Amino acid sequence: MTFDYDLFVIGGGSGGVRSARLAAKLGVRTAIAEEYKFGGTCVVRGCVPKKLFVYASEFGRAIDDASGYGWTVEGKRFDWKALVAAKDKEIERLSGLYSGGVEAAGGTVFNSRAEVVGPHTVRLLAENRTVTAERILIATGGHPFLPDIPGIEHAITSNEAFHLEELPKKVVIVGGGYIAVEFAGIFNGLGVDVELVYRGGEILRGFDHDMREGLTSIMRQHGVTITCNTEPAAIEKTDAGLIVATNRDTRIACDSVMFATGRRPNTVGLGLQSLGVKCGWNGRVMVNDSYQSSVPSIYAVGDVTDRVNLTPVAIRDGVAFIEAVYKNNPNPVDLAFLPTAVFSQPEIGTVGYTEEAAREMFCAVDIYKAAFRPMKNTLAGRPERTIMKLVVDADSDRVIGVHILGPDAAEIIQALAIAVKMGATKADFDNTIALHPTMAEELVTMREKWTPPATT
């Protein structure tokens with residue numbers, strides 16, 4: 001059978017673009033379709049604009065801190081619309097690079113929604129025509145989840161938060177994961193009254209408890225109200241704004257309600273289920289180690305598979321898909337000791353096991369901790385403390401977890417993740433000479449094991 005393309009990719013995010021570009025470079029006749037903007041969630045509505053907003057929200061405190069270092073700064077003010085315009089300009093530039101990279105490699109780019117209408121057939125809605133391909137790759141990512149409660153139409157998600165006409169005076173953020181925590185820091189740093197409402201007992205479920213407790217304390221110092229064991233039951237619109245009614249019979253007045261309560265794979269309306277593609281309860285595409293679905297000609301990578309929903313993982317998925325399918329070199333992505341970060345204020349950077357997980361998985365665990373005020377905070381007069389923590393398998397002396405709460409934690413963890421992945425031991429850390437004066441030197445100078453307090 002003759003096909004229009006060897007590979008047709010649906011979704012122009014990180015995983016889809018990487019797959020399409022690599023395939024095209026190999027001489028594979030490749031096409032890719034994106035219905036919104038190339039770059040996907042990360043570039044358009046996620047990591048990149050979020051990090052730009054984090055930077056913007058940090059400048060206010062930096063200006064305040066400058067007085068401790070002898071600077072006099074007058075007339076401090078912030079222009080929300082100027083930030084949004086600058087962000088949009090940068091996103092357009094990056095989006096062009098994503099689509100341009102595929103074209104430069106020899107691929108064909110379609111700005112259209114694409115739906116699967118056969119094992120080898122894709123319909124391009126914008127062009128009202130179908131094309132065929134030997135293989136179809138689904139890389140459509142995910143979207144924010146909104147619960148079915150009265151008044152939910154008055155809420156926004158992170159998608160809309162990047163395009164608000166003006167900053168609210170008060171925002172209620174629903175959720176306790178990294179998106180909720182990061183936006184709480186962003187809005188708080190930009191002068192918005194923020195209340196974070198979370199159904200669990202403590203924010204950032206799955207992270208090390210010292211990181212969770214330490215960040216909660218600092219966020220409250222910054223003025224963020226954190227209300228746990230609570231979730232919205234309804235949202236009411238009034239002449240004065242919005243009212244969030246909770247399951248605890250409380251009512252919170254605000255100007256905006258933002259939900260950050262998880263994401264779902266983008267598979268609705270793609271036509272996959274009608275073709276017999278096996279999907280999970282939330283719509284995720286089920287794939288094998290070669291990223292192949294239950295229909296042999298259809299594959300999937302990235303967040304649409306709902307495994308580890310991180311941009312670098314989607315990119316690695318794309319590479320592994322090309323290796324398995326077009327180079328006969330199956331090599332599934334190794335997710336052990338995956339570094340990750342929360343771009344809160346201050347940041348959390350982490351790699352490996354939390355203390356809690358390590359105590360369940362290993363016979364004996366040693367913990368090393370340091371909590372201190374970073375030098376930069378001293379003259380500024382800030383009480384915020386950095387926390388650094390090493391989790392060590394006592395039997396092998398291998399460092400199996402590193403957790404940092406503090407400035408530039410993500411940058412530090414990215415470098416440390418190499419050592420942890422390679423199997424560095426606590427002795428290796430101890431034998432590394434400290435770089436002074438730095439915050440990170442604490443990681444190689446901690447010698448005393450931490451002993452949990454006795455319980456009665």
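Author: Start with the term. On a 1 Å grid over the protein atoms alone, a cavity is a set of points where a 1.4 Å probe fits but cannot get out, and a lining residue has an atom within 4 Å of a point. This is a predicted model: local features need pLDDT of at least 70, side-chain atom pairs need 80 or more, and totals for chains, interfaces and linings use all residues. Numbering starts from 1 along each chain as its sequence is written, and side-chain values use heavy atoms, without hydrogens or water.

The structure holds 3 cavities of 30 Å³ or more. Helix H6 (residues 178-189) is the top contributor, giving 3 residues. Helices here are DSSP runs of H or I with at least four residues, strands are E runs of at least two, and both are numbered from the N terminus. By class, this lining has 3 nonpolar, 5 polar and 1 charged residues. Nonpolar covers Ala, Val, Leu, Ile, Met, Phe, Trp, Tyr, Cys and Pro; charged covers Asp, Glu, Lys and Arg; the others, Gly among them, are polar.

A cis peptide bond joins Gln345 to Pro346, with omega about 5°. Pro346 sits in the loop between strand S17 (340-342) and strand S18 (347-352). Phi of Phe337 is near 55°, a positive value in a residue that is not glycine. Phe337 is buried, at 18% relative accessible area. Buried means under 20%, exposed over 50%, and partly exposed in between, for a 1.4 Å probe and protein chains only.

Two further backbone sites deserve a stop. Asn229, in the loop between strand S10 (225-227) and strand S11 (232-238), has a positive phi near 55°. Asn229 is partly exposed, at 47% relative accessibility. The bond from His436 to Pro437 is cis, with omega near -5°. Pro437 belongs to the segment after helix H12 (426-430). Most residues other than glycine have a negative phi, and most peptide bonds are trans.

Next, an open space. A pocket is an open set of points with protein on both sides within 12 Å along at least five of seven lines. The second largest pocket has a volume of about 1000 Å³. Of its 36 lining residues, Lys376, Asn377, Gly406, Pro407 and Asp408 are closest to the centre. Helix H3 and helix H10 (375-380) each supply at least two residues. H3 gives the most, with 8 residues. This lining divides into 15 nonpolar, 7 polar and 14 charged residues.

H3 also has a helix partner. Val48, Pro49, Leu52, Phe53 and Ala56 in H3 meet Trp80, Leu83, Val84, Lys87, Glu90, Ile91 and Leu94 in H4, where contact means heavy atoms within 4.5 Å. This contact has 10 nonpolar, no polar and 2 charged residues. The axes of H3 (residues 47-66) and H4 (residues 80-104) come within 10 Å and cross at roughly 145°. Axes are lines fitted to C-alpha atoms over the stretch in contact, and angles run from 0 to 180 degrees between N-to-C directions.

Definitions and conventions: Points joined across faces, edges and corners; volume = space filled by probe spheres on them.
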